[in-house]
Amino acid sequence: MLSPEDLFVLVKAFFEEKGLVRQHLDSYNDFIERGIKEVIKSVGEIEVPSPQGTYKIVFGDVKVGMPRVKDIHVGKKPLYPMEARIRDLTYAAPIILEMKKVQDGKEFEPEEVEIGDIPVMLRSKICYLSNMSEEQLVEVGEDPDDPGGYFIINGSERVIVSLEDLAPNRILVDIDTRRAKPIYRAKVLSTTLGFRARVEMLLKPDGVIYVNMPRVPSEVPFPIVMKALGVESDREIAEMVSADEEIIAELDPSFEACIGIFTVEDAITYIGNRVAHGQTLEYRMSKAEQVLDRYLLPHLGRTSEARRDKAVFLAEMARRVIELKLGRRRPDDKDHMKNKRLKLAGPLLADIFGTAFRNLCRDIRYQLQRLGHK
């Protein structure tokens with residue numbers, strides 16, 4: 001059995017090897033190497049339809065340069081942290097994105113475009129200090145014992161504080177007792193880097209199970225969502241939820257609420273009517289498929305190949321919410337540590353970058369429409 005002295009030696013060795021900020025550095029490095037690419041890949045392209053044809057800007061590879069500053073006399077030159085502190089500058093690096101124009105099926109040569117700067121965490125992989133010896137660190141005015149893990153913004157040293165949040169991609173069930181009759185709920189915060197979508201399933205007093213999805217303004221009965229995802233048979237839907245007869249019986253009101261919806265096309269059209277009401281049938285179905293593929297449970301995938309996995313996940317949510325109603329399951333405690341996660345620098349920056357990049361794409365699309373693709 002370990003003594004208190006042995007534990008102290010173990011803790012001391014851990015901090016000597018890993019340091020105090022290794023978790024932030026690893027998180028930031030993962031965002032730079034993988035997270036930025038995933039955010040841009042999730043957007044993919046900007047498409048601007050017009051009577052003359054389709055105009056696209058397709059995004060390719062993305063890379064992050066090294067910190068630099070623009071000097072009047074010598075142009076761009078490397079920027080070191082001490083200079084950023086003294087001159088009240090932001091220690092940041094450029095983000096360079098490859099873009100390719102596609103017009104009427106013709107592809108043009110890709111171009112590398114600098115789309116902005118990102119603050120650099122000291123001692124990360126894109127920081128000049130990460131590969132320096134102690135002597136070199138002293139030469140550039142840095143403390144060799146400085147662990148890094150912070151940023152320099154307008155000359156001031158800033159840190160990102162970890163954020164406690166609900167565990168992503170985890171089904172949590174509870175009971176809403178604010179009304180006369182209780183509503184049984186299952187929810188999940190479906191999260192990928194830079195994108196987060198809340199999906200909620202409600203078992204209402206009338207016995208019908210509804211699904212709240214991103215980008216859909218109204219609730220959709222559970223069987224319709226399942227059919228839209230490719231599970232066409234009512235029997236198959238019931239068997240995916242459970243083999244227990246009592247649980248299957250709880251699905252009857254939901255099936256009765258979907259009378260007239262028999263095929264996958266019927267279900268997709270039903271969702272499309274709520275997403276793009278008043279538009280052409282083709283456009284409505286396209287928007288509904290976009291919601292199913294890109295915004296419904298994105299952590300399982302953002303292509304049509306992931307629809308089966310999403311149907312299985314929704315079936316599991318339905319089973320848990322029915323078990324909650326039948327008293328076979330207790331409500332989840334959202335304050336329990338197993339249902340909590342700490343969001344470090346990487347995920348927090350991915351959220352900010354994802355929002356900023358989507359706003360940039362929206363502005364580009366608007367300008368292209370206004371200028372007529374010129």
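This is a predicted model: local features need pLDDT of at least 70, side-chain atom pairs count only at pLDDT 80 or more; totals for chains, interfaces and linings use all residues.
Biologist: Which residue forms a salt bridge with Arg 68, and how far apart are the closest N and O atoms?

Modeller: Arg 68 forms its salt bridge with Glu 114, and the closest N and O atoms of the two are 2.8 Å apart. Glu 114 lies in strand β7 whereas Arg 68 lies in strand β3 (residues 68–71), so the pair ties together parts that are 46 residues apart in sequence. Glu 114 has a relative accessible area of 37% and is therefore partly exposed. The partner asked for is Glu 114, at 2.8 Å.

Biologist: Strand β7 also holds Glu 112; is Glu 112 buried or exposed?

Modeller: The side chain of Glu 112 meets that of Lys 63 in a salt bridge of 3.5 Å, N to O. This pair links distant parts of the chain, with Glu 112 in strand β7 (residues 111–119) and Lys 63 in strand β2 (residues 53–64), 49 residues apart. Lys 63, at a relative accessible area of 41%, is partly exposed. Glu 112 has a relative accessibility of 53%, and therefore it counts as exposed.

Biologist: How many residues apart are Glu 38 and Arg 34, which both lie in helix α2?

Modeller: The side chains of Glu 38 and Arg 34 meet in a salt bridge at 2.7 Å, N to O. Glu 38 counts as partly exposed at 32% relative accessibility, and Arg 34 counts as partly exposed at 38%. Both belong to helix α2 (residues 22–43), where about one turn of the helix separates them, that is, four residues.

Biologist: Which residues are linked in a network of salt bridges, and how many salt bridges does the structure hold?

Modeller: The network links Glu 316, Arg 319, Arg 320, Glu 323 and Arg 329. For the structure, the number of salt bridges is 34.

Biologist: How are helix α9 and helix α10 oriented where they pack?

Modeller: Helix α9 (residues 264–275) and helix α10 (residues 281–295) pack at an angle of about 95°, and their axes are 7 Å apart. Angles of 65 to 115 degrees count as roughly perpendicular, so α9 is placed, relative to α10, as roughly perpendicular.

Biologist: Which elements do the buried residues of α10 pack against?

Modeller: Helix α10 has 15 residues and reaches 20 Å from its first C-alpha to its last, close to the 21 Å expected. Its buried residues are Arg 284, Ala 288, Val 291, Leu 292, Asp 293 and Tyr 295. These buried residues pack against β13 (195–203), α5 (222–228), α9 and α11 (307–326).

Notes: Residues are numbered from 1 along each chain as its sequence is written. Side-chain values use heavy atoms; hydrogens and water are left out. Axes are lines fitted to C-alpha atoms, for helices over the stretch in contact, and angles run from 0 to 180 degrees between N-to-C directions. Helices (H or I, at least four residues) and strands (E, at least two) are DSSP runs, numbered from the N terminus. Angles under 35 degrees count as roughly parallel, over 145 as roughly antiparallel, 65 to 115 as roughly perpendicular and the rest as oblique. The expected span of a helix is 1.5 Å times one less than its number of residues. Buried means under 20% relative accessible area, exposed over 50%, partly exposed in between (1.4 Å probe, protein chains only). Contact means heavy atoms within 4.5 Å. A salt bridge is a side-chain nitrogen of Lys or Arg within 4 Å of a carboxyl oxygen of Asp or Glu.
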